[in-house]
Amino acid sequence: MFYPFLLFLLHITMASAADLRYGYYAKACPKAEFIVRDVMKKAWIREQRSAASVMRFQFHDCFVNGCDASMLLDDTPNMLGEKLSLANINSLRSYEVVDEIKEALEKACPGVVSCADIIIMASRDAVYLTGGPYWEVKLGRLDSLTASQKASDAVMPSPRSNATYLIDLFSRFNLSVKDLVALSGSHSIGKGRCFSIMFRLYNQSGTGLPDPAIDPRFREELKKLCPPDVDQNVTKGLDATPLKFDNQYFKDLVSGRGFLNSDQTLFTTPQTREFVMQYSINQELFFDDFAKGMEKMGDLQSDNPGEIRRNCRVANQHHGNTVWES
Ligand code: HEM
C-alpha cells in the first residue's frame, strides 16, 4: 500500500570525532582519491588560481569547529553560515570546484565520501599540482549539520594580525610556531586584494604612515596598484611566483616584499624569524614541515554530530536526530 507520507530511513550517520585513517575509502569508494585529483587537475588547467583558492579552504574549514566542511554551507533562512564572515566574504572562491568533485564522487559512489574529506584531498592535490610536496591524507571525516558566521568571525585571523597574535592563535589548535610559519608558506600561491593591505600602505597602526617593514621599492609598486581610491578588489600575487608552490614566499619576506602584514611580521618577529630564514634557503625543509602542518591541521575535529552530505552546500534534511527522505 502506498502512503504519501511514508518516509524511508536512509542514514543515521550521527557520529562524533570520527576516527581518521589512511585508505579509509579503499573498500567503499576505491577511486575516490583518483576522482578528486582528476577533477582538481581539470579545474587547475581551466584556471590556475583555483588551486590556491581550494587549498585555502582547508585552513578556513579546519579552524572553525574542526574539518567538517561547515564553510561550504550556504546560508538558509534559519542559519547565517560562514560564507559571509569577515575573512570569507568577497574573498573565498572556487566553491564550484568542490561541487564538481562532489558530483563526480556521487556518481561513482553515492553517499560515501564527505565534503570535509574532499577539502582535505583537494588541498593536498592542489599543492602537488602547483609544484609543492605530496603527502598521504587520513580520511573518514563527517560533514557538519550546521555552520556559524559568528564562529568564523571569532577565530579566523585578519591580515592585520601580527606574529605574536598568530603564535597564540595557532597554539590553541595544537599548532607550533614552526607549524605557523610553514603553513603561512601556503601564501606561496594565490592572490590577495588591495582591501587586505590598505591600512599597511597608508595608516599602519594608526600612524598615518606605511608599514616601515615594507621594502621602499615594493611599497611604491603596491601604492601604484592600490591608490587610496582604488577598487579594493584589485588583486596581486601573494609572492613573486603566485602560480608556483615554492619557497619564494620566504625569500620575499627576507627582502621586505611580503604582501600581507601577517606575512611580513613573521620576519620582523624574533620567534618566527629563524624559521623564515631557514625556509628561504631550504625548500625541502619547508616542503616537509608544510606537509606535516597540513596533516596536523587536518586532524582538527569537533565533537559535533555529522553526516555525509549529498550536496556540499546544504545539510541533508534533518528531523530530530534522524535523516529522512520521502
Ligand atoms: C597565518 C594566518 C593567516 C592569515 C592572517 C591569512 C590571511 C589571508 C588573507 C588576508 C588572504 C588574502 C585575502 C584577500 O585579500 O581576499 C589570504 C589568502 C590566501 N591564504 Fe591565507 N592566511 C593565513 C594562513 C593561511 C593558511 C594556514 C593557509 C593554508 C594552509 C592559507 C592559504 C591561503 C591561500 C592559498 C590564499 C590565496 C587564495 C586565492 O588566491 O584565492 N592562509 N590569506
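**Figure 1. Helix H2 gives the largest share of the shell around the ligand.** H2 supplies seven residues of this shell. The model shown here is predicted. In total, 27 residues surround the ligand. The closest are Ser53, Ser91, Ser186, Gly190 and Gly192. Helix H2 spans residues 49–62. H2, helix H7 (177–184) and strand S3 (191–193) each bring at least two residues to the shell.

**Figure 2. What classes of residue make up the shell around the ligand?** Eleven residues of the shell are nonpolar. Eleven are polar. Five are charged.

**Figure 3. The ligand shell draws on two domains.** Why does the shell lie between domain 1 and domain 2? Domain 1 (8–156 + 305–325) and domain 2 (163–296) both give residues to the shell, so it lies between them.

**Figure 4. The chain is assigned two domains.** Domain 1 covers 8–156 + 305–325. Domain 2 covers 163–296.

**Figure 5. Domain 1 touches domain 2.** On one side, 18 residues of domain 1 take part. They are in contact with 15 residues of domain 2. Which helices supply at least two residues each to the side of domain 1 that touches domain 2? They include H2 and helix H4 (115–129). H2 gives the most to this side of domain 1, with seven residues. By class, this side of domain 1 has seven nonpolar, eight polar and three charged residues.

**Figure 6. Helix H7 is largely enclosed by the rest of the structure.** Six of its eight residues are buried, so H7 is largely enclosed. Which residues of H7 are buried? They are Asp179, Leu180, Val181, Ala182, Leu183 and Ser184.

**Figure 7. A UniProt feature spans residues 19–316.** The unreviewed UniProt entry names this feature "domain: Plant heme peroxidase family profile". Over residues 19–316, the chain is 47% helix and 3% strand. How far apart are the end C-alpha atoms of this stretch? The end C-alpha atoms are 22 Å apart.

Note on methods
Residues are numbered from 1 along each chain as its sequence is written. This is a predicted model: local features need pLDDT of at least 70, side-chain atom pairs count only at pLDDT 80 or more; totals for chains, interfaces and linings use all residues. A residue is near a molecule or strand if its C-beta atom, placed from the backbone, lies within 6 Å of it. Helices (H or I, at least four residues) and strands (E, at least two) are DSSP runs, numbered from the N terminus. Ala, Val, Leu, Ile, Met, Phe, Trp, Tyr, Cys and Pro count as nonpolar, Asp, Glu, Lys and Arg as charged, and the others, Gly among them, as polar. Domain bounds come from an automatic or database domain assignment. UniProt positions are given in the numbering used here, feature names are shortened, and annotations may be inferred rather than shown by experiment. Two residues are in contact if their C-beta atoms, placed from the backbone, lie within 7 Å. A residue is buried if 20 or more other C-beta atoms lie within 10 Å of its own, exposed if 12 or fewer, and partly exposed in between; C-beta atoms are placed from the backbone.
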